[in-house]
Amino acid sequence: MRHKTLLLSTLVVGIVALILLQLKSSSPAPAPTKTALIPADVLSHAQRLEIKANNKSATIEKNPAGEWTVKEKFGLPADVENRLRPLIQSLQNAENLGVLTTNPKRLGKLGLEDSTLTLISNEGKPFVLEIGKTTDDGVGSAIRLQGENVALRSNFTGYLESDPSSWINPLLYSRNDLEIKSLTFILSDGQATFTRTEPKVPFKGKEAMLLEDLSRTLSSLRISDAVEKNNPEAQTAFKQSREVKIEFWDGTIIHTIWGTIEPPDKNQLPKVFVRATHSIANHPLNQLNEKADFISASWVADQIPTSLADLKKRSEPPPEPSAPTELEAVPLQK
């Protein structure tokens, strides 16, 4: 009896041990510890971002007034809404998911030296991330802190835009087209002014459709790039320029000057340069105009007449379709 009790006890202990062993082996492995990829104070105190990728580099920095600007583009305002804010948000959300590898051979295959992001604070202390290829699990990019021999897994998926032109705030100015009182064209063969009779009322006359379209186009102006003031191409373009003065009902005037370089290849688009000034001397638009000449989309310049004769031609109503001939009007008998 004693032997049976001992045998039964041993069997029960064995079964319990086996169950515990199975439970332990089937329990999920602990998730890797997640920490912020970039310390919060590094992001909050950043005064300059240096981005290097695709053999280009862009420097986005704060000016003395605390405004973000593009260093390589004459200190023009940076596109905070569409460029800087999304990048900062993706960096704030980025996590360090642990060590990816310390193997030198594998490190060399991750492309960690292809792209770098440097954040610099007021004290001038740099925080440098080397950003490599997306890891095999597809979660995010391989990351290395500069100076270390360890690659980290991360969930960072942001794009590093390294072309300074892409960082420029493209909007030079923006007004409501219904605020426009008059348009004055200064062209190669003279000038002409067209005025609305009262606010928010369409232009009158045969030029009305052309003027309404131009008002919508010129009430705001977007650019794609900027060049230095003594740029040879810009100087050549402005030798044969067209000007449009836009007067608003509040008395302010925006003066735009347009120059075009025709491409040697007719399959390419013309290169359009523009200058814009404001009648209020200390207006920000004048400060921008002093820094650079701007490049605009060719379709905008295409809407501006090249001469008074061209303006008149564009304002003429389209020719009425000719009356059908007798043969066209009467079907032929079979």
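A residue is called buried when its relative accessible area is under 20%, and exposed when that value is over 50%. Keep those cut-offs handy for the exercises below, and remember that you're looking at a predicted model.

**Exercise 1. Get an overview of the chain.**
Task: work out what share of the residues is buried, and which elements the chain is built from.

Solution. 
- Step 1: start with burial. The chain has 334 residues, and 40% of them are buried.
- Step 2: count the elements. There are 11 helices and 19 strands.
- Step 3: check how far apart in sequence the touching residues are. Take the contacts with a separation of 6 or more: 60% of them link residues 24 or more positions apart.

**Exercise 2. Zoom in on S12.**
Task: say what pairs with S12 on each side, and whether this strand is enclosed or open.

Solution. 
- Step 1: take the S13 side. S12, residues 180-187, makes 6 antiparallel bridges with S13. The two strands form a hairpin, and 2 residues sit between them.
- Step 2: find facing residues in that hairpin. Leu187 is opposite Gly190, and Ile186 is opposite Gln191.
- Step 3: turn to S16, residues 242-248, which runs antiparallel to S12 and is joined to it by 6 bridges. Phe185 has Val244 as its bridge partner there.
- Step 4: judge the surroundings. Of the 8 residues in S12, 6 are buried, so the strand is largely enclosed by the rest of the structure.

**Exercise 3. Explore the nonpolar cores.**
Task: which residues touch the most other members of the largest nonpolar core?

Solution. 
- Step 1: recall the background. In soluble globular proteins, nonpolar side chains tend to be buried together.
- Step 2: In the largest core, with 35 residues, they are Leu183, Phe185, Ile246, Trp258 and Phe294.
- Step 3: ask which helix gives the most. That's helix H6 (residues 208-218), with 5 residues.
- Step 4: look for another core. A second, separate one has 26 residues, among them Ala58, Ala94, Ile143 and Leu160.
- Step 5: return to Phe294. Its contacts beyond four places in sequence include Leu76, Leu172, Val272 and Leu288.

**Exercise 4. Compare four residues.**
Task: are Glu161, Glu130, Asn54 and Lys200 buried or exposed?

Solution. 
- Step 1: Glu161 lies in the loop between strand S10 (151-154) and helix H5 (164-167). Its relative accessibility is 11%, so Glu161 is buried. Among the residues it touches are Ile51, Arg83 and Trp167.
- Step 2: Glu130 is in strand S8, residues 126-134. Its 9% is under 20%, so Glu130 is buried too. Its side chain makes a polar contact of 2.6 Å with that of Arg144.
- Step 3: Asn54 sits in the loop between strand S2 (46-53) and strand S3 (56-62). Asn54 is exposed because its 55% is over 50%. Its phi is positive, near 55 degrees, though Asn54 isn't a glycine.
- Step 4: Lys200 is in the loop between S13 and H6. At 63%, Lys200 is exposed. Its phi is positive as well, near 65 degrees.

Notes. Residues are numbered from 1 along each chain as its sequence is written. This is a predicted model: local features need pLDDT of at least 70, side-chain atom pairs count only at pLDDT 80 or more; totals for chains, interfaces and linings use all residues. Side-chain values use heavy atoms; hydrogens and water are left out. Helices (H or I, at least four residues) and strands (E, at least two) are DSSP runs, numbered from the N terminus. Buried means under 20% relative accessible area, exposed over 50%, partly exposed in between (1.4 Å probe, protein chains only). Contact means heavy atoms within 4.5 Å. Two strands pair if DSSP finds at least two bridges between them. A nonpolar core is a set of buried Ala, Val, Leu, Ile, Met, Phe, Trp, Tyr and Cys residues joined through side-chain atoms within 4.5 Å. A polar contact is a pair of N or O atoms within 3.5 Å; within protein, one must be able to donate a hydrogen and the other to accept it, and residues adjacent in sequence count only if both atoms are side-chain atoms.
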